[in-house]
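Biologist: Can you put the model up? I'd like to go through the aromatic rings.

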Amino acid sequence: RDQPDVVDPAQAIDILNVTLSEKGALKLRDGFDNHTASEMTNRGSTVYPYYESDGTNQLLVGADTRLEAIATGGTVTASATGKTTGGTWRFVRFAAPGSEYAYAGNGIDVLSRWDGSSWTSGATSATVDGTGSRAMPKAGLLAIMPNSNRLVAAGFTTTSGGPNGSTTNPSTVVFSDQGLPETWQVTSAPPTTYQNTLQLTPGDGEKITAMLSWREYVFVFKQSKYFVLYGETIQANGGPVFNYRTVDSGVGCVGANAVCAGRDGVYFLDKT
């Protein structure tokens, strides 16, 4: 970590096969090996770590028309098949009292849920406007609203990608109820009902390209701007108002895989 002219003669200037920790301690460099004993049915394109409080550790893999769950020993323990080809799977972890789930979406099919042992299709698992056995959204981007523990869905590729096939466009963001990732409000007839939906500068010729949570915020990106969701207030009819600020400086994110969160901030790749 130091320049050669300040290294003591008894210290090593060049060491192979080791890395330095942040405090300067040496450790053997990590290697790699095959995790699965044999290749999967489809080529995996996205991988997501899944943890539970009981110590369960798994990898969730999006593989075109399949979703796979892989145990620590490399065995595929459960698969969800028959998905529509052409979508890129993305995942988000959702925890609430009594449940530990992960949700997967590709922007084409309804969301799927992983509970540590099995996959469940969202085709009839949702409650929409108070009625059960409805469909989850067809979202390609997922995040968690940190302060209110809502599942946030965006990245819609159809005009009917919302909960129970409700209307969406490339600027739509929908939110589940607090702590209830499969309960949604999509009607808009105040004052008795409300709509857990945002339209972020619709009609600007851009689509939502990426989304992620960091600290108490949710960042939603378009190609030349982004939005910082920082909280919510409650209307007189009990519905939420989602507060956000727009950063419209000609800088946005080029795609869903071009953004990440570090300890000190959010990093993303602009087209420039």
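**Aromatic pairs**

Modeller: This is a predicted model. In it, F227 counts as buried, because its relative accessibility is 0%.

Biologist: How many aromatic pairs are there?

Modeller: The count comes to 13 aromatic pairs. One of them is F175 with F242, which is stacked because the ring centres are 3.7 Å apart and the planes are at 10°.

Biologist: Which strands do F175 and F242 lie in?

Modeller: F175 is in strand β15 (residues 172–177) and F242 is in strand β21 (residues 240–247), so the pair ties together parts that are 67 residues apart in sequence.

Biologist: F175, buried or exposed? And F242?

Modeller: F175 is buried, with a relative accessible area of 1%. F242 counts as buried too, at 6% relative accessibility.

Biologist: Back to F227. Which residue does F227 form an aromatic pair with?

Modeller: Y244. That pair is edge-to-face, with 6.1 Å from centre to centre and 75° between the planes. F227 lies in strand β20 (residues 226–234) and Y244 in strand β21, so the pair ties together parts that are 17 residues apart in sequence.

Biologist: What does Y244 count as, in accessibility?

Modeller: Y244 counts as partly exposed, at 31% relative accessibility. The cut-off for buried is under 20%.

Biologist: Which residues do ring pairs link into a cluster?

Modeller: W214, Y217, F219, F221, Y226 and F268 are linked into a cluster by ring pairs.

Biologist: Changing topic, what lies over the face of Y101?

Modeller: R113 does, at 4.6 Å from the ring centre of Y101.

Definitions and conventions:
Residues numbered from 1 in each chain as written. Predicted model: local features only at pLDDT ≥ 70, side-chain atom pairs only at ≥ 80, totals over all residues. Heavy atoms only, no water. Phe/Tyr/Trp six-rings, centres within 6.5 Å; stacked < 30°, edge-to-face > 60°. Helix = DSSP H or I, 4+ residues; strand = E, 2+ residues; numbered from the N terminus. Buried < 20%, exposed > 50% of the residue type's maximum accessible area, 1.4 Å probe, protein only. Lys NZ or Arg CZ within 6 Å of the ring centre and 35° of its normal.
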